[in-house]
Amino acid sequence: LQISEPNEFDIMLVMPVTRLQLDECDDTGAYYYLTLKRNPKEKHLFKFLDEDGKLSALKMLQALRQIIKQEVKNITNVEVTVKRKKPRSPAITLQIKNPSAEISVDIILTLEVQHSWPPSTQDGLKIEQWLGRKVRREFRNKSLYLVAKPNKKEKVLRGNTWRLSFSHIEKAMMNNHGSSKTCCESDGPKCCRKGCLKLLKYLLEQLKMKHTKQLETFCSYHVKTAFFHSCVMWPNDTDWHLGDLDHCFQRYLGYFLDCLQKSQLPHFFIPQYNLLSVEDKASSDFLSRQIKHQLNNRFPIFHE
C-alpha cells in the first residue's frame with residue numbers, strides 16, 4: 001500500500017512462546033501484562049522478567065537492539081545504521097543507504113502465542129457480511145500476536161506492557177478483500193477498495209507533512225481502521241466498482257470525517273478500544289477542517 005517511493009518497510013520478528021498468561025492492564029482491552037506459565041523450555045526468557053515476574057518488553061527490546069547493533073557491524077556492502085530509539089515506539093529502525101536511495105526498515109519484536117483471542121475481541125472483526133462466517137472463524141483460530149508497546153495510560157512507564165497486534169489478519173484481509181473470491185485476480189472483476197485506501201493514506205501523509213505538530217496524533221492506522229469499517233458497511237464488490245473510484249472515495253472519506261467529528265473510531269478487532277480519544281478532539285477537528293478544505297477545492301494537495 002506504499003504510495004510514493006517504496007522506501008519504508010516493516011518487518012515483524014516473530015518469536016513463538018508456548019504458554020503465556022495474559023492480564024489486561026487497562027480498559028482498552030488492547031494492552032496486557034504477560035506472565036510465563038511454568039515451562040522449562042522457556043528458561044531463556046527468565047532473564048527478561050521484571051521484579052513482579054512480568055515479561056518486560058523493555059528488557060527484550062534492549063537485548064534485541066544490542067544483537068542488531070552487533071550484526072550491523074558485519075554488513076560491509078551497504079551502509080546500515082541503527083537509528084536512535086523513538087520514545088514509545090516498539091520498532092528498532094535501520095537506515096540503509098545505497099548509492100541510489102535511502103531505505104528505512106522498522107523491525108518489530110512480536111510474540112506469537114497459541115492462545116485463544118481475549119474476550120475484548122469477541123465482538124470485533126465483524127466481517128460476516130463482507131468476507132463470510134467461515135473466514136472469520138478461520139481468522140480467529142490463528143495465533144495471537146503481541147508487540148512490545150508501552151501503554152500511554154500508564155502514569156509511570158515501566159516498559160512491561162504488550163499490545164495485541166492483528167497485522168497478520170489485516171494483511172490477509174487486504175490480499176483477499178473481495179466478497180467474491182475472484183475480486184482483483186488477473187481474470188476477475190476489479191474493484192477500487194485498495195485505490196480508496198491509498199488515496200486517503202496519501203492525503204493524510206501530505207497533510208501531516210504540512211501540519212506536523214497539529215496532526216502528530218494521527219497515523220495511517222486510523223485510515224486503515226476506517227477502511228475496514230467501510231468494507232463492512234459496503235460489503236459487496238459492486239459497492240466498490242473500479243469505475244466509481246471518485247464516488248467510493250468520497251463515501252469512505254465521509255465516514256472518516258464522521259468518525260473525526262464524533263471522536264469515535266472503534267478498533268476493528270477490539271470494539272471497546274476507541275482510537276480517537278476525546279482528549280485529542282482539537283487534533284480531530286483540525287484534521288477534519290483540513291480534509292473538508294481539500295474536498296471542497298477538489299484536492300489541490302494531490303496536484304502539488
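**Domain contact, salt bridges and helix packing**

K224 forms a salt bridge with E170, with 3.0 Å between the closest N and O atoms. A salt bridge is taken here as a side-chain nitrogen of Lys or Arg within 4 Å of a carboxyl oxygen of Asp or Glu. The model is predicted: local features need pLDDT of at least 70, side-chain atom pairs count only at pLDDT 80 or more, and totals for chains, interfaces and linings use all residues. Residues are numbered from 1 along each chain as its sequence is written, and side-chain values use heavy atoms, leaving out hydrogens and water.

The salt-bridge count comes to seven. K134 pairs with E138 in a salt bridge, the closest N and O atoms being 3.8 Å apart. These two residues are separated by about one helical turn, because they lie four residues apart in helix α2 (residues 133-140). Helices are DSSP runs of H or I with at least four residues, numbered from the N terminus.

The domain assignment, automatic or from a database, gives domain 1 (1-176) and domain 2 (180-303). Their C-alpha centres lie 24 Å apart. Domain 1 gives 27 residues to the contact and domain 2 gives 21 residues, contact meaning heavy atoms within 4.5 Å. About 2200 Å² is buried between the domains, with 68% from carbon and sulfur atoms. Buried area is the accessible area (1.4 Å probe) that two parts lose on being put together, summed over both. One salt bridge crosses this interface.

Helix α5 (residues 220-233) packs on helix α6 (residues 245-262) at about 115°, with axes 10 Å apart. Axes are lines fitted to C-alpha atoms over the stretch in contact, and angles run from 0 to 180 degrees between N-to-C directions. In α5, H222, V223, A226, F227, H229, S230 and M233 meet Y252, Y255 and F256 of α6.
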